[in-house]
Amino acid sequence: MADLDQISEMLQKGKAKEVERLVGEALVEGLNVKEILEKGLIAGMGIIGEKFKNNQVYVPEVLIAARAMNKGMTILEPAMVKAGVEPLGTVVIGTVSGDLHDIGKNLVCMMFKGAGFKVVDLGTDVSPEKFAAAAKENRACLVGLSALLTTTMPAMKDCVDLLKTQGGVKVIIGGAPVTQAYADEIGANGYSPDAASAVELGKKLIGAA
Amino acid sequence: METGRDVVLDALNHRQPSKVPVDFGGTSCSGMHCSVVAALRDHFGLEKRVVKIHEPFQMLGYIEEDLRQAMGVDATIAMPLSTMFGDDVAGDWKEWKTWWGQTVLIPSGMRVAATDDGGFVAYPQGDTLVPPCAKMPATGYFFDAVIRQEGFDEDELDPTDNTEEFTVLGESDLARIAAAAKAARDSGLAVVAGLPGTAFGDIAFVPGMSLKKPKGVRDVAEWYMSIAARPEFVHKVFDRQCEVAMENLKLLKARVGDNYDVVFVCGTDFGTQISTFCSLDALEELYLPYYGKINRWIHENTSWKTFKHSCGAIEPFIESLVGVGFDVLNPVQCSATGMDPRLLKDKYGSRLTFWGGGIDTQKTLPFGKPEEVRAQVLERCRIFNENGGFVFNAIHNVQAMTPTANMAALLDAITEFNTAGK
């Protein structure tokens, strides 16, 4: 019989093929789709996120765990649609104009996915207009802005200003030179120093914590 | 008369230098964006010259002798053979106008093309018949790698695909390296040189920007995953890389001799803003054996000091880096978790030279007021310069569009520190 704890365990170890197999078996055995998602995949990524925050695992381990989660999600997603399992919310994420760095942004995407959000990844060098359009189109509850460079941080303010005119969406920011003080200065709803905390912050902001 | 080299050597040998040694431009991690170089030339009223970009990836401007003198710089770079994109820097130079309106000089072989979205792309070895290797976005001041990752079969990964760029130096290259070292030595400044092929897993090099058709693991995330998921593969890559590097070290020593003072061994970043990038176990298992081998040979056979660059919160790794023979640490990111200047100096100051740590380039230098810059520079000099073991440098390259008033405040503060009490 499929073991949801084992899915979580294999995910934490980054064993993508195992996660894919176990999720497939769980579905064949008729386990509840939401339970597979929550007690298997989300539980596993939650532990990885917590360990990442506490410096018990590092970027390479998070990346392989996320890859394993993606494998599992590929199998699970059609069943989720069929069963009408709704995401926790939609978050639009991207690296701001002029900046092509994406490792940090990708980690944040993975953590949000791993927490049960629908993630719309806009990639890098994203204009304020593109953020605003994507937030509207996807009815996003959250927008995450990333910047690695001091020269691209000002683009975050442009995004925040434009997104504020749309209303209804919370904006969180992050990246190496970014601070809480800068978030306050530009009127962002929050700042997070790492990918796992970004999810906690996002959940809090949308009242899902 | 005391030279720039003398004060740097004092610092490196943990003797109290007569002034704070200063580096700007000695390495590709301690330079200045071309826009700042141009602004400082104007600030000092120097002859109008188009700034030469010797390192286009980060758009670093070459700091010529007149500017070095005006800034009180004590170290210089031994010019490498080529850029990160594989363009020869020994030939002619040509003008290129950036989107922010600055005309710069780039190697004549370098090919830059405008893209439909307003940005620019650069090509490996200037070859426009293959896909571009780097991109500068429409509002960006730097290039970044274009990932050219071909599909691969996990079970068929061949380590030699990831070592194509590491080759034993030929006679003509060695002759040019020796000439560059001699020219740098004649400056009277401390000479810093990059070593070919000793950057184990440096993420800036992993995408293989200088290669026309890179093979193997070239995607940044895929490489990071390799550290956790394919350690045997990484070892095989590093083994081959180290073998070639050891061969080159012997050739370099024979041709360059004592014309190098400091060698930039590796720029692999082990820290994020708040933590290390990998575990201490991974550092010890995957990287230290190679660092140890390289550093040991250098110390047994040359007078060169070994330089390790790593951004971020790497305090938990410093003891290990000292243990495998690194003499110099850069850029000493004091804003990262655990990287307190006083703690670092007290704990490692007698064994390690801090080449950096002088000013925060994430906040204070680009966004602070001149008086904040002054205060931080004075504080860092007070802490780090005690008994040598310090070469002043900003924490990594001075970023584009840094206010000239802040750069002037930085340089004035160093002078103020040096003259205080004299």
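Which side chains meet in a salt bridge, and at what N to O distance? In this predicted model, the partners are E200(A) and K53(A), at 2.6 Å from N to O. The setting of this pair is the interface between two domains of chain A, described below.

Chain A is divided into domain 1, residues 4–83, and domain 2, residues 90–205. Their C-alpha centres lie 25 Å apart. Domain 1 of chain A brings 14 residues to the contact, and domain 2 of chain A brings 12 residues.

The size of an interface is often expressed as the accessible area lost when the parts come together. Between domain 1 and domain 2 of chain A, the buried area is about 1100 Å². Carbon and sulfur atoms give 78% of this area.

Polar links across the interface are counted next. One salt bridge is counted between domain 1 and domain 2 of chain A. The rule for polar contacts likewise finds one residue pair across this interface, with both residues at pLDDT 80 or more. On the side of domain 1 that touches domain 2, two elements of chain A give two or more residues each: α3 (33–53) and α4 (59–83). Of the elements on this side, α3(A) gives the most, with eight residues. The side of domain 1 of chain A that touches domain 2 comprises 10 nonpolar residues, two polar residues and two charged residues.

Key
Residues are numbered from 1 along each chain as its sequence is written. Chains are lettered from A and ligands numbered from 1 in the order in which they are written. This is a predicted model: local features need pLDDT of at least 70, side-chain atom pairs count only at pLDDT 80 or more; totals for chains, interfaces and linings use all residues. Side-chain values use heavy atoms; hydrogens and water are left out. Domain bounds come from an automatic or database domain assignment. Contact means heavy atoms within 4.5 Å. Buried area is the accessible area (1.4 Å probe) that two parts lose on being put together, summed over both. A salt bridge is a side-chain nitrogen of Lys or Arg within 4 Å of a carboxyl oxygen of Asp or Glu. A polar contact is a pair of N or O atoms within 3.5 Å; within protein, one must be able to donate a hydrogen and the other to accept it, and residues adjacent in sequence count only if both atoms are side-chain atoms. Helices (H or I, at least four residues) and strands (E, at least two) are DSSP runs, numbered from the N terminus. Ala, Val, Leu, Ile, Met, Phe, Trp, Tyr, Cys and Pro count as nonpolar, Asp, Glu, Lys and Arg as charged, and the others, Gly among them, as polar.
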